[in-house]
Each structure stands twice: as structure tokens, then as C-alpha cells.
Amino acid sequence: MTAAATTPRGMPAGSTRSARWTRRLRLYVPTIVVFIATIALWEVAVRSRALGSFPLPAPSQIIEALATNWGSGRWPLGRAAVATLFEAVGGLLIGTAAGVVVAFATARFGTARELLIPLAVGASAVPIIAFAPLMNNWFGVLNPLSKMMMVAVLVFFPVVVNVTRGLTQIEPAALELMRSYAASESTILRILRIPNALPYFFTALKIAATLSLIGAIVGEYFGGANDVLGRVVVQSASSLRFDVTWAAILLGAATGIVFYLVIVAIERMVIPWHASMRAHES
Amino acid sequence: MTTSVPESLAPPGTRRFRSSETPAQERMSRRRRVTLLVAFAAAILFLWEAVKWLGGVPWRYENLFGSGTDFFHDPPLRFPFATDLNLPHWWDILGALAAPVQRNQDQSLLQFLLGASFYTWREAALGFLVGALLGLLLATLFVHYGLLERAFVPYVVASQTIPIVALAPMIVFAFGPSITSVVVVATYLTFFPVTIAMIRGLRSPDPRALELMRSYAASKWQIYRHVRLPASLPYLFTALKIAATASIVGAIIGEGPGGIPDGLGRAIINFNQQYISGPEKLWGTILVSSLLGVVFFLLIVVAERFTLRNRPGAAHG
Amino acid sequence: MTEQPVTPAADAVVRISGVDKLFGSDSGSVTTALQGINLDIGRGEFVSLIGPSGCGKSTLLRIIGDLIQPTTGSVTVNGKLCAVARHDRDYGMVFQAPVLFDWRTVEDNVKLPLELMGWDKARRDARASEMLNLVELGEFLRHRPYQLSGGMQQRVAIARALAFEPSILLMDEPFGALDEMTRERMNQEVLRIWERTGITVVFVTHSIPEAVFLSSRVVVMSARPGRITDLIDIDLPRPRDVETREQPRYFELVTDVREALRRGGADQIEPGVDEVPEGASAERTRVEGGIG
């Protein structure tokens, strides 16, 4: 990296706040265009009955269902989204905490690390939905904890794998440097391993954020209290109110995306120094 | 010591995170790994029963192993999660696998589940193939046409935030309760990891290799065939490993609303309903489903080792 | 020129005596990286270790720094065992890669060893800016490492290595990754710092011109097994600068070093000379022999 063409604060030219934002915005134009085009086509297709019997209401109908059912009615979507989000966040916290603890233990003990890969592989091979009935039976169908545990199980292994990698994949020269300072293992952990692991932790957290919503809804699908998104989907579909069904589905997806973006924002604040956070050329 | 490289393995100037081993050493470490896994499994089984010994429901076995003696143990504590309903004895699970799937049938639960697994696997494999091809196609398009990529990749990513359990009934509604719906659902879950990984993989070749090809006036298709595609194979296999298990999940989910009677999905639903009367059957089903996932995964690993056999640093499962 | 050191033993900051280093492997094959190394380095000397790839010069540097244990022989630093010297923070080390932490500012990177040594804040701040001024990067305190060029990052690494005023500076091909012009400039920098601080420097390099330009003495090593084949005094006058590189005596010395390298087998091409062979295991090593 050269120190040429610097602004007064020493940052490379073209990386002032506004320059970066306009660049980013321009990148998103195609995406936005596709979005608008899809919505428009969708509306037209449904109204002209071109899609046949596929239960796909028009966007306008979905929005209407969303608006009317938000706070009241048989399927209060707003409340359902919050309840599902609550399960997702709870499960995320449990799974992440457990994952981080195990990751530290795995980083510490080499034998554990050898076990880790095959175990993570085996765990990811278990179809997660096989757990849903089990969790419901263990913790009670109506208890949000059963859904949280689904999420926790789903989230656990990505967190362990990534955080372990972050704690152990370090430039050998950096470790030599710390040895030359006669630093103790706990110092090395504090000064080197943990900061090094932060980007990996956030990678895992981002994966976990999207998985958590899905896990919660999958768990709810097998049974749960009434005011959660998964149940709304099931019940409204069986009543053939597909506009509400889609409203719930899209609301679930949107919540997942927002959750993901929140994590991204937190990441930007916590690790602004990481390579992936800096302005890119493309 | 938790250094990532033992001290005398990395003399100064060499930068390696893993040593490459001689075949003799690799065999040894594989044996060691297997022993560790077996030991770990044994430890889990031991812990499982130890917890039940401490806090489960009373153990009551009459005429143990036909020796004429009765066995009784009353655990000192009571853990609510360690009851026979929540945490059946693992030998009871194995016993249920060996026992007839239903009272008046000859077939054991295990045979039944294996049949169901194979049935589900066929659907999953089909969805896997379609999803992989779709992912490859999308990735190829995106890598060659940046505009398409910028426009559509966010939607590819967003597609996975829609819970497939919610979409599945509607897919069944549209395609009818048939194998087609199940395959569509499985495809939905598998195309995503393949797309994302292949975008990375097709872009991974050293820019200098691409310059070299351009100096030969190679066409885009030739560059694709000779440089990009071979370079993307490791990425492809990483994604296929994820896609394998995803396709099974998709197939199981698709079978539910599709009312497919012969697959694992139906078995899970049934045994879930019968949980109170016989939890071991559901546990047995979970066990067999996991095995299916692991086997499919291992199939991909074998395919990977074979395909990438001549590449450096390849064979580290 | 033979192996007898020029400096009297009493003034030797680093004494290396009878050192061998062997790397073993599970399959039983053993590589001798270093063999029979005897070397004394005097206070305030600037000594370069030069040799072909794989001759063990970096290994020797790390033995001095107590990052690797010799198989036989003894090494003392300031009259103490290496391990003690390391704990006493007697030396600073600069690697080929700057190894700066992206999550710390330039200033905080330089303060790293001081934090570990428990210095209080005021002292740390003062020393960090002093060191960065020494390497002429005073205005870049608050920058991040990735905002600096390669040469600048290495200067920060040097500032960090000197922060706690060690008596010895160990440098392992620190300028290997830089282009020639920057490298020559950095050579000048190092000499300037050396003259200012009076520190003893052990410098590993591949580059003959660099070794001759910088050192008071050049230690020539042979290909594996690494042995010291020659010690060449560099009698160029100081302070050395751009013009020194154009003196006839400079070229003579460069030729001397080159010929010494060739005599040690540097021009023979050995397969896999670069690295310890596959499968070298973590072998238990001991220091035998008494304290020097």
C-alpha cells in the first residue's frame, strides 16, 4: 500500500465517507432494478392468472394482508414476528455461548482438535428437522425454549469450527514474536489469539443469524404456541389464506435479513480494521 | 502447547500450517483419529448411562440375560431430562431397531428405516444433481457477466432466508403430491452453497494464469474449460459436501406435505406421534437419518479424493 | 581467515560454542541443519550471517534468540543462558514479515512489548513516540499497519524491536521482501540507528552487497550441513553511505564474500535445500554441555 495522495487525516484519496457511500449505492442499482421488475411482473402475472393454481397471491394482496393482520385479527403478524425473533435470538445466544466455550477448549487441547472435524462433519450430516420433534418432546411444545434449543443446536457447530480456526490459525511468525517476548500462554491468548479470532467469530455469527430464524420457524412448524410465524404459516395455509401465509413467510425472511444486517453493522463497529471491512476496488 | 505449528516442524522461512506427511504417517494418524473417535463414542455412551444411573427413572430388569436374577437400581437424584421418555437407554434404542417395526410385521425397524432411507436418498440425490447443475450454471453466468451477478446474487442469498418448511406445502400444491415436489424442495436447498462456492472457485485462478491464456488468444470458453473449471473443483467439492446433507434435509421436508408414504419424512412424523408410547423408535429414526447423511457425505469425500488425487495438499478429509 | 574470534572473550555479548542442530523425523531420517558452530560476537558489533538457502543461518539466529534449542553445544547471551536472556528481554527481533497486528494502531504496535513488560502508560507513550521518531515515522502514530507501505511497516517493526532498549538486535532477512531501492535506503536507516544506539546487531541475509555494506564482520556459512566456513572482516570506513557502494574496496570485499560462499558449496544445486524435509517431527532437544 502506498502513502500517495492522502487526505489530511492520512487516509487514501477516494475513501472519504461520502465517496464510499456513493460507490456502494451504485453497486446496488442492478439489484434494485431487478427487485422492482420482479414485483411488477409478479403483480401482473397474478392478476392475469398466468400462474395457474400456484398459491401465489399478488404483492398488493400480500402487503394488504400484512397491514391488516399486523397487530390484531386471527394471525397477528407483528407479534408473531417478535415472538419468533425472540426464540431465534435466545437460541443464538445459547448456541454461541456454548460454541465459544467449546472452541476455547478445543484450541487448548490438541486431541480435541483432531476430533473436532469429524464431529462437526457428523453433526452437520444430521438432518436438523429430525431434532425438532425431539426438542418439542423434551422441553414442551408450547415452551419457546424448545425452539431456542433447535436454534442452538443448529448454530453450535458453525460457531465452534470458526472460532477454533480463529484461535489457532495464526501466522507462525506472530507466535515466534510473542515467544521472543517470553509471553505466557494466557497473555498470548489475550493479546493475539482473541483479536485474531474476532473476524472468524463474526463470520460464524452471520451464518448463525440467518440460520437462527430458519431454525426457529422449522421448530415451530412441528408444533408451538399460536402466535409465532411458523404456526401462522401452517394455520393460514390450511385455511387457504395464502396471502397471510406469504406475508408470514416474507416477514420471516425479512426479519432474518435484518438480523443479519444488524450483525454486519456490529461487526463494522467492532473490527473496522479487518481486511474485509476496508473499501474495496470492485 | 497451542501453537499452530510445532516448533521444529517449521524451520524459519517455511510457512506451512500443516505438515505434509508420508503415507506411513498418514495411515498412522488416520488410525489414531479412528481410535479417538471410537473412544469418544464410547465415552458418550458411558456418560449417557451414567447420567441415567444418577438421575433417571428406576432401572428394572427381570431375568437379566436369562440368568434368572432380577436387576433393580433406584437412582439417587431425579433429572427431568433423564427419564426413559426423554432419554431412553441406548440399548433400548438398539433393541427397538432390531424389533419388528409394527406388532404384526416381520420386518425389523432397522430394515424399515434402511428402506425408507434409501427411498429418501434417491429423491435427495436427484435434487442434489439438479441443484448442483443449477448452481454451476448460475455461477458460470455470474462470473462471466458481472451485471447479472450484481443484480441477482443478493436474491440467491435471500432465497435461503425463506424457511423451506413454509414453502414446501406450496410447492406440493403446485406440482402435486409427487416425487417432483420433493426434488424441487431438495434442489432449492442445494443450489445455494454450490452457486456461492463456484463463484469463488471460478474466480480463484491466479490472475497470471489468466494473462497467460489471453496471451495465447484463448477464447472465454477455452479459459473456462482449461483454467477456471479445474481451479474451481476444490471449491465445488467443499460445497457438494454441504449440499449432500442439505439435499437430504430438503427431501425429508418435502416428503411431509407431499404425503410420500415411503420415506424418512413420513417415518419421523409417525414416530413423533407415537413418541409417548415408544420414544426409542424416533431416536432410532434420528440415528438412521444421521447415518444416511454421513454416508452421503463420505461418498462425496471419496469422489473428491479420487478427482483431486493429483493435487498437492488435497487428501486431508 | 579461520574460526578464531577477533574479540577477547570478556567482551563477547554472544558466545556460541560447539553447537549442532539436528532435525529428526518419524521415519528415522535425520537432517543436520547446523554442525560445529563456534562464534563470538562482541559488544556493538554488526555481524551478518550469509549463506545459501538452507544453510541454517535463520536456525542459528533463532537458537541465539532461544526460539529453538540446539541439539548439542552451548550458547550464552550477555553471559546468561539464552532462556534467561529471553526472559530478561535482552534482545529484540525483526522478521522478514513485519508481523504487525492490524487491530492495533502503529503506536500501539510499538507499545506491545512495553505493555507485556508492565510499563506504565506515560512511559509507554513517551517511548513509542521516541522510537517512531527514531525511524522517522513520527506522524504515523495513529495510522493502521495496512495503511503503510512495506518499507514503512518494517520500520515500525524495527521501532518495536528497539522499544525496550535491548542490547542485541536479531534481524532475519528483514528487507528480503522489499525492492532494491527501498532496500538500500533501509540499509542506511539501520546503520543510522545502529550508530545512534550502539546496539549489537546479528543480521541474516541472502544479499552479499547488503552484508558487506552493513557489517563489521561477515560470517560465511556453507550449505547443509551448515558450518561456518569463513569470517571476513569488513574494513570499510564509517560512516558508510551511498558513496561507499562505489569504492573499489567495497567491490573487493563483495568478491571475497562471493568466493568464500562458492568455496562453501553455495553454487551447488541441492534438491530441497530450502526446507527441512517432510515429516520432521517435534523432537525433544536438549542443551548439553556447561554454561559458557
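What is the mean pLDDT of chain B, and what share of its residues reach 70 or more? The mean is 82, and 89% of the residues of chain B reach 70 or more, pLDDT being the predictor's confidence in each residue, from 0 to 100. This is a predicted model, in which local features need pLDDT of at least 70 and side-chain atom pairs count only at pLDDT 80 or more, while totals for chains, interfaces and linings use all residues. Residues are numbered from 1 along each chain as its sequence is written, and chains are lettered from A and ligands numbered from 1 in the order in which they are written.

**Chain B: confidence and make-up**

- Chain B has ten helices and two strands; helices (H or I, at least four residues) and strands (E, at least two) are DSSP runs, numbered from the N terminus.
- Read from the N terminus, the elements of chain B follow the order α-β-β-α-α-α-α-α-α-α-α-α.
- Confidence in chain B is highest in helix H3 (residues 109-144), at a mean of 93, and lowest in H1(B), at 80.
- Take some care with residues 1-21 of chain B: pLDDT stays under 50 there, and the model has 46 contacts beyond four places in sequence for this stretch. Two residues are in contact if their C-beta atoms, placed from the backbone, lie within 7 Å.
- Of the contacts in chain B with a separation of 6 or more, 69% join residues 24 or more positions apart.
- Of the 317 residues in chain B, 36% are buried, that is, 20 or more other C-beta atoms lie within 10 Å of their own, with C-beta atoms placed from the backbone.

**Nonpolar cores**

- A nonpolar core here is a set of buried Ala, Val, Leu, Ile, Met, Phe, Trp, Tyr and Cys residues joined through C-beta atoms within 7 Å.
- The largest such core holds 133 residues, and Ala248(A) and Met198(B) have the most contacts inside it.
- Helix H6 (residues 179-202) of chain B supplies the largest share of this core, 16 residues.
- Beyond its neighbours within four places in sequence, Met198(B) touches Gly135(B), Leu136(B), Ala139(B), Ser232(B), Tyr235(B), Leu236(B) and Ala239(B).
- Another core, of 90 residues, lies apart from the largest one and includes Cys55(C), Val75(C), Val190(C) and Leu253(C).

**Where the chains meet**

- Between chains A and B, the contact takes 45 residues from chain A and 47 residues from chain B.
- On the chain B side, H10(B) gives the most, with eight residues.
- That side of chain B divides into 32 nonpolar, twelve polar and three charged residues; Ala, Val, Leu, Ile, Met, Phe, Trp, Tyr, Cys and Pro count as nonpolar, Asp, Glu, Lys and Arg as charged, and the others, Gly among them, as polar.

- Six strands form an open sheet of mixed pairing in the order E6-E7-E8-E3-E9-E10 (chain C); two strands pair if DSSP finds at least two bridges between them.
- Strand E6 (91-94) and strand E10 (228-233) of chain C each have a single partner strand, so one side of each lacks a neighbour in the sheet.
- Strand E9 (residues 217-221) of chain C pairs with E10(C) in the antiparallel sense over five bridges, and Met221(C) has Ile228(C) as its bridge partner in E10(C).

Methods
Buried ≥ 20, exposed ≤ 12 C-beta atoms within 10 Å, placed from the backbone.
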